Amino acid sequence: MAKPGLQMKGQRFFQTMLVAVLAFAGMAAGAQARLQVVVTTNIVADTVKNVVGDAADVISLMGPGVDPHLYNATQGDLRTLSRADVIFYNGLDLEGRMGNVLAQMGRSKPTFALTEYMTTDELLLDPDWATADPHVWFDLPLWKKAVLRVRDAMSEVDPENAAVYHENAARFLAEIDALHGWVEEQIASIPEERRVLVTAHDAFGYFGARYGIEVVGLQGLSTDTEYGLADVRNLVNLVIDRRIGAIFAETSVSSHGIQAVIEGARAQGHTVRIGGELFSDALDAPGTPGGTFLGMIRHNVSTIVAGLTSGL
Ligand SMILES: [Zn+2]
(Lines give C-alpha, C1' and ligand atoms only; values in the text may rest on other atoms or scores of the structure.)
Protein backbone atom coordinates (compact mmCIF):
# COMPACT_ATOMS: atom_id res chain seq x y z
CA MET A 1 0.00 0.00 0.00
CA ALA A 2 1.23 3.42 -0.87
CA LYS A 3 1.72 5.94 1.88
CA PRO A 4 -0.88 8.61 1.03
CA GLY A 5 0.53 11.05 3.55
CA LEU A 6 3.98 11.00 2.00
CA GLN A 7 2.60 11.18 -1.53
CA MET A 8 0.52 14.23 -0.56
CA LYS A 9 3.57 15.86 0.91
CA GLY A 10 5.56 15.16 -2.24
CA GLN A 11 2.83 16.52 -4.47
CA ARG A 12 2.37 19.58 -2.36
CA PHE A 13 6.12 20.15 -2.39
CA PHE A 14 6.16 19.87 -6.17
CA GLN A 15 3.23 22.27 -6.48
CA THR A 16 4.87 24.75 -4.14
CA MET A 17 8.10 24.53 -6.11
CA LEU A 18 6.24 25.03 -9.38
CA VAL A 19 4.47 28.12 -8.02
CA ALA A 20 7.78 29.48 -6.76
CA VAL A 21 9.53 28.86 -10.08
CA LEU A 22 6.71 30.48 -12.03
CA ALA A 23 6.64 33.44 -9.66
CA PHE A 24 10.40 33.86 -10.02
CA ALA A 25 10.17 33.64 -13.81
CA GLY A 26 7.39 36.22 -13.71
CA MET A 27 9.45 38.52 -11.52
CA ALA A 28 12.42 38.20 -13.82
CA ALA A 29 10.28 38.93 -16.87
CA GLY A 30 8.69 41.86 -15.01
CA ALA A 31 12.08 43.23 -14.02
CA GLN A 32 13.21 43.05 -17.62
CA ALA A 33 10.03 44.72 -18.84
CA ARG A 34 10.41 47.66 -16.45
CA LEU A 35 12.06 50.44 -18.38
CA GLN A 36 15.36 51.73 -17.03
CA VAL A 37 15.32 55.52 -17.13
CA VAL A 38 18.69 57.14 -16.40
CA VAL A 39 18.89 60.87 -15.66
CA THR A 40 21.66 63.34 -14.78
CA THR A 41 20.63 65.51 -11.78
CA ASN A 42 18.26 64.68 -8.93
CA ILE A 43 16.05 67.64 -9.92
CA VAL A 44 15.54 65.99 -13.31
CA ALA A 45 15.07 62.65 -11.49
CA ASP A 46 12.25 63.90 -9.28
CA THR A 47 10.45 65.50 -12.21
CA VAL A 48 10.75 62.29 -14.25
CA LYS A 49 9.63 60.15 -11.27
CA ASN A 50 6.51 62.24 -10.88
CA VAL A 51 5.58 61.42 -14.47
CA VAL A 52 6.58 57.75 -14.68
CA GLY A 53 5.36 56.73 -11.21
CA ASP A 54 5.73 52.95 -10.84
CA ALA A 55 5.89 52.31 -14.58
CA ALA A 56 9.69 52.55 -14.80
CA ASP A 57 12.85 52.66 -12.69
CA VAL A 58 14.51 56.09 -12.48
CA ILE A 59 18.25 56.16 -11.77
CA SER A 60 19.95 59.51 -11.06
CA LEU A 61 23.68 59.87 -11.70
CA MET A 62 24.06 62.90 -9.41
CA GLY A 63 22.93 62.94 -5.79
CA PRO A 64 22.45 65.63 -3.12
CA GLY A 65 25.01 68.44 -2.99
CA VAL A 66 26.52 67.59 -6.38
CA ASP A 67 27.33 70.50 -8.70
CA PRO A 68 26.19 69.60 -12.24
CA HIS A 69 28.36 72.32 -13.86
CA LEU A 70 31.53 70.56 -12.72
CA TYR A 71 30.36 66.95 -12.89
CA ASN A 72 32.31 64.46 -15.00
CA ALA A 73 30.74 61.09 -15.85
CA THR A 74 32.48 58.21 -14.04
CA GLN A 75 33.17 54.76 -15.53
CA GLY A 76 30.20 53.51 -13.51
CA ASP A 77 27.99 56.24 -14.99
CA LEU A 78 29.00 55.19 -18.51
CA ARG A 79 27.98 51.60 -17.75
CA THR A 80 24.66 52.80 -16.25
CA LEU A 81 24.01 55.01 -19.29
CA SER A 82 24.83 52.21 -21.72
CA ARG A 83 22.25 49.96 -20.02
CA ALA A 84 19.54 52.68 -20.04
CA ASP A 85 16.37 52.40 -22.13
CA VAL A 86 15.75 56.15 -21.96
CA ILE A 87 17.97 59.06 -20.87
CA PHE A 88 16.85 62.49 -19.63
CA TYR A 89 19.03 65.50 -18.87
CA ASN A 90 18.41 69.21 -18.21
CA GLY A 91 20.23 70.65 -21.21
CA LEU A 92 21.23 74.29 -21.94
CA ASP A 93 24.73 73.18 -20.99
CA LEU A 94 23.89 72.65 -17.30
CA GLU A 95 25.75 69.34 -17.50
CA GLY A 96 28.60 71.13 -19.27
CA ARG A 97 31.22 68.38 -18.91
CA MET A 98 28.84 65.60 -19.92
CA GLY A 99 27.94 67.14 -23.27
CA ASN A 100 29.96 64.67 -25.36
CA VAL A 101 28.74 61.62 -23.45
CA LEU A 102 25.09 62.70 -23.78
CA ALA A 103 25.49 63.44 -27.48
CA GLN A 104 27.06 60.03 -28.00
CA MET A 105 24.24 58.26 -26.09
CA GLY A 106 21.70 60.21 -28.13
CA ARG A 107 22.92 58.52 -31.30
CA SER A 108 22.02 55.03 -30.09
CA LYS A 109 19.07 55.45 -27.69
CA PRO A 110 16.19 57.81 -26.86
CA THR A 111 17.82 60.78 -25.11
CA PHE A 112 15.86 63.94 -24.23
CA ALA A 113 16.64 67.35 -22.73
CA LEU A 114 13.89 68.55 -20.38
CA THR A 115 14.35 72.07 -21.72
CA GLU A 116 13.68 71.07 -25.36
CA TYR A 117 10.14 72.52 -25.46
CA MET A 118 11.23 75.92 -24.16
CA THR A 119 11.51 78.64 -26.79
CA THR A 120 14.25 81.27 -27.07
CA ASP A 121 11.93 84.06 -25.95
CA GLU A 122 11.14 82.16 -22.74
CA LEU A 123 14.80 81.69 -21.86
CA LEU A 124 17.16 84.15 -20.20
CA LEU A 125 20.10 84.90 -22.41
CA ASP A 126 23.40 86.07 -21.03
CA PRO A 127 26.10 87.67 -23.19
CA ASP A 128 28.79 85.90 -21.14
CA TRP A 129 27.24 82.48 -21.54
CA ALA A 130 27.34 80.37 -24.69
CA THR A 131 23.71 79.26 -24.34
CA ALA A 132 20.78 80.44 -22.23
CA ASP A 133 20.72 80.36 -18.43
CA PRO A 134 20.09 76.66 -17.64
CA HIS A 135 18.42 77.10 -14.19
CA VAL A 136 14.90 77.05 -15.64
CA TRP A 137 13.34 74.93 -12.84
CA PHE A 138 12.98 77.99 -10.61
CA ASP A 139 10.35 79.44 -12.96
CA LEU A 140 7.50 77.08 -12.08
CA PRO A 141 5.19 77.88 -15.04
CA LEU A 142 8.17 77.36 -17.37
CA TRP A 143 9.18 74.08 -15.68
CA LYS A 144 5.75 72.73 -16.63
CA LYS A 145 7.17 72.44 -20.14
CA ALA A 146 9.81 70.06 -18.76
CA VAL A 147 7.00 67.90 -17.38
CA LEU A 148 5.31 67.88 -20.79
CA ARG A 149 8.61 66.90 -22.44
CA VAL A 150 8.95 63.90 -20.11
CA ARG A 151 5.30 62.91 -20.58
CA ASP A 152 5.55 62.97 -24.37
CA ALA A 153 8.94 61.25 -24.46
CA MET A 154 7.81 58.42 -22.20
CA SER A 155 4.53 58.01 -24.13
CA GLU A 156 6.55 57.71 -27.32
CA VAL A 157 9.06 55.20 -25.94
CA ASP A 158 6.49 53.18 -23.95
CA PRO A 159 3.07 53.72 -25.63
CA GLU A 160 1.45 50.94 -23.55
CA ASN A 161 1.71 53.17 -20.48
CA ALA A 162 0.88 56.46 -22.23
CA ALA A 163 -2.36 56.88 -20.26
CA VAL A 164 -0.45 56.46 -16.98
CA TYR A 165 2.11 59.09 -18.01
CA HIS A 166 -0.63 61.53 -19.02
CA GLU A 167 -2.52 61.03 -15.76
CA ASN A 168 0.61 61.40 -13.60
CA ALA A 169 1.75 64.47 -15.52
CA ALA A 170 -1.66 66.14 -15.10
CA ARG A 171 -1.52 65.60 -11.33
CA PHE A 172 2.05 66.94 -11.07
CA LEU A 173 1.23 69.98 -13.23
CA ALA A 174 -1.67 70.81 -10.90
CA GLU A 175 0.67 70.56 -7.91
CA ILE A 176 3.15 72.88 -9.63
CA ASP A 177 0.32 75.38 -10.31
CA ALA A 178 -0.71 75.34 -6.66
CA LEU A 179 2.87 75.83 -5.49
CA HIS A 180 3.34 78.70 -7.96
CA GLY A 181 0.41 80.56 -6.35
CA TRP A 182 1.92 80.00 -2.90
CA VAL A 183 5.35 81.29 -4.00
CA GLU A 184 3.76 84.47 -5.39
CA GLU A 185 2.00 85.09 -2.06
CA GLN A 186 5.17 84.44 -0.09
CA ILE A 187 7.34 86.78 -2.13
CA ALA A 188 4.64 89.46 -1.94
CA SER A 189 5.00 89.35 1.86
CA ILE A 190 8.58 90.71 1.58
CA PRO A 191 8.69 94.54 1.53
CA GLU A 192 9.63 95.61 -1.98
CA GLU A 193 12.89 97.35 -1.01
CA ARG A 194 14.05 94.13 0.66
CA ARG A 195 13.53 91.92 -2.37
CA VAL A 196 17.21 91.37 -3.15
CA LEU A 197 18.53 87.83 -3.24
CA VAL A 198 22.31 87.50 -3.00
CA THR A 199 23.61 83.96 -3.55
CA ALA A 200 26.83 82.06 -4.24
CA HIS A 201 26.22 81.68 -7.98
CA ASP A 202 23.68 82.93 -10.52
CA ALA A 203 21.16 80.10 -10.18
CA PHE A 204 18.11 82.24 -9.39
CA GLY A 205 17.71 84.40 -12.51
CA TYR A 206 14.45 82.71 -13.57
CA PHE A 207 13.17 82.79 -10.00
CA GLY A 208 13.84 86.52 -9.81
CA ALA A 209 12.33 87.28 -13.21
CA ARG A 210 9.16 85.28 -12.51
CA TYR A 211 8.55 86.35 -8.92
CA GLY A 212 9.82 89.93 -8.96
CA ILE A 213 12.94 89.71 -6.87
CA GLU A 214 16.34 91.14 -7.81
CA VAL A 215 19.04 88.46 -7.84
CA VAL A 216 22.81 88.83 -7.65
CA GLY A 217 25.24 85.91 -7.66
CA LEU A 218 28.88 86.06 -6.64
CA GLN A 219 29.76 83.57 -9.36
CA GLY A 220 28.21 83.56 -12.83
CA LEU A 221 25.75 81.12 -14.37
CA SER A 222 28.26 78.30 -14.09
CA THR A 223 30.47 77.56 -11.10
CA ASP A 224 33.08 76.64 -13.72
CA THR A 225 34.25 80.26 -13.71
CA GLU A 226 36.22 81.51 -10.70
CA TYR A 227 35.24 84.65 -8.84
CA GLY A 228 37.88 87.24 -8.07
CA LEU A 229 38.54 89.82 -5.37
CA ALA A 230 36.81 92.44 -7.53
CA ASP A 231 33.61 90.35 -7.53
CA VAL A 232 33.72 90.09 -3.74
CA ARG A 233 34.36 93.84 -3.43
CA ASN A 234 31.46 94.70 -5.76
CA LEU A 235 29.12 92.50 -3.81
CA VAL A 236 30.28 93.99 -0.49
CA ASN A 237 29.50 97.46 -1.86
CA LEU A 238 26.06 96.34 -3.03
CA VAL A 239 25.26 94.75 0.35
CA ILE A 240 26.26 97.95 2.16
CA ASP A 241 24.54 100.35 -0.29
CA ARG A 242 21.30 98.42 -0.25
CA ARG A 243 21.51 97.71 3.51
CA ILE A 244 21.05 93.99 2.86
CA GLY A 245 20.76 92.00 6.09
CA ALA A 246 20.93 88.44 4.78
CA ILE A 247 22.66 86.66 1.93
CA PHE A 248 22.38 82.99 1.05
CA ALA A 249 24.64 79.95 0.71
CA GLU A 250 23.92 77.06 -1.65
CA THR A 251 24.19 73.36 -0.86
CA SER A 252 26.04 72.50 -4.08
CA VAL A 253 28.51 75.41 -3.98
CA SER A 254 31.30 76.23 -1.49
CA SER A 255 30.31 79.03 0.92
CA HIS A 256 33.83 80.55 1.02
CA GLY A 257 32.87 83.38 -1.33
CA ILE A 258 29.70 84.22 0.59
CA GLN A 259 31.73 84.23 3.84
CA ALA A 260 34.24 86.62 2.22
CA VAL A 261 31.39 89.02 1.40
CA ILE A 262 30.10 88.86 5.00
CA GLU A 263 33.60 89.56 6.36
CA GLY A 264 34.20 92.34 3.84
CA ALA A 265 30.97 94.06 4.88
CA ARG A 266 31.76 93.60 8.57
CA ALA A 267 35.18 95.24 8.06
CA GLN A 268 33.27 98.32 6.91
CA GLY A 269 30.89 98.22 9.87
CA HIS A 270 27.88 96.58 8.14
CA THR A 271 26.42 93.41 9.61
CA VAL A 272 25.07 90.90 7.14
CA ARG A 273 24.46 87.24 7.98
CA ILE A 274 23.85 84.00 6.13
CA GLY A 275 20.08 83.82 5.78
CA GLY A 276 20.25 80.07 5.28
CA GLU A 277 21.22 77.48 2.72
CA LEU A 278 19.33 77.23 -0.55
CA PHE A 279 19.09 74.25 -2.84
CA SER A 280 20.08 75.57 -6.24
CA ASP A 281 21.25 72.84 -8.61
CA ALA A 282 20.66 69.74 -6.46
CA LEU A 283 17.89 68.48 -4.17
CA ASP A 284 18.46 67.30 -0.61
CA ALA A 285 18.63 63.57 0.26
CA PRO A 286 15.51 61.45 -0.43
CA GLY A 287 13.08 61.42 2.50
CA THR A 288 13.99 64.95 3.69
CA PRO A 289 11.73 68.02 3.11
CA GLY A 290 14.13 69.32 0.44
CA GLY A 291 14.41 65.89 -1.16
CA THR A 292 11.66 66.47 -3.74
CA PHE A 293 11.32 69.19 -6.35
CA LEU A 294 8.22 70.73 -4.74
CA GLY A 295 9.71 70.40 -1.24
CA MET A 296 12.93 72.06 -2.39
CA ILE A 297 11.02 75.07 -3.75
CA ARG A 298 9.04 75.34 -0.49
CA HIS A 299 12.26 75.16 1.56
CA ASN A 300 13.99 77.82 -0.57
CA VAL A 301 11.07 80.24 -0.51
CA SER A 302 10.52 79.86 3.26
CA THR A 303 14.26 80.40 3.85
CA ILE A 304 14.34 83.47 1.57
CA VAL A 305 11.26 85.03 3.19
CA ALA A 306 12.54 84.39 6.74
CA GLY A 307 16.00 85.77 5.87
CA LEU A 308 14.83 88.90 4.07
CA THR A 309 12.06 89.83 6.56
CA SER A 310 14.14 89.17 9.69
CA GLY A 311 14.19 92.16 12.07
CA LEU A 312 11.01 93.70 10.67
ZN1 LIG B 1 24.05 76.37 -11.39
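Predicted model: local features only at pLDDT ≥ 70, side-chain atom pairs only at ≥ 80, totals over all residues.

Biologist: What makes a set of residues a nonpolar core?

Modeller: Its members are buried Ala, Val, Leu, Ile, Met, Phe, Trp, Tyr and Cys residues joined through C-beta atoms within 7 Å. Buried means that 20 or more other C-beta atoms lie within 10 Å of a residue's own, with C-beta atoms placed from the backbone. The largest such core has 76 residues, and V48 and F88 touch the most other members. Helix α5 (residues 140-157) gives the most, seven residues; helices here are DSSP runs of H or I, at least four residues long, numbered from the N terminus.

Biologist: Why is this core said to lie between domain 1 (32-181) and domain 2 (185-309)?

Modeller: Both domains give residues to the core, so it lies between them. The domain bounds come from an automatic or database domain assignment.

Biologist: Why are α2 and α6 called oblique to each other?

Modeller: Helix α2 (residues 42-52) and helix α6 (residues 162-188) pack at about 125 degrees, with axes 6 Å apart. Angles under 35 degrees count as roughly parallel, over 145 as roughly antiparallel, 65 to 115 as roughly perpendicular and the rest as oblique. The pair is therefore oblique.

Notes:
Residues numbered from 1 in each chain as written. Buried ≥ 20, exposed ≤ 12 C-beta atoms within 10 Å, placed from the backbone. Helix = DSSP H or I, 4+ residues; strand = E, 2+ residues; numbered from the N terminus. Axes fitted to C-alpha atoms, helices over the stretch in contact; angles between N-to-C directions.
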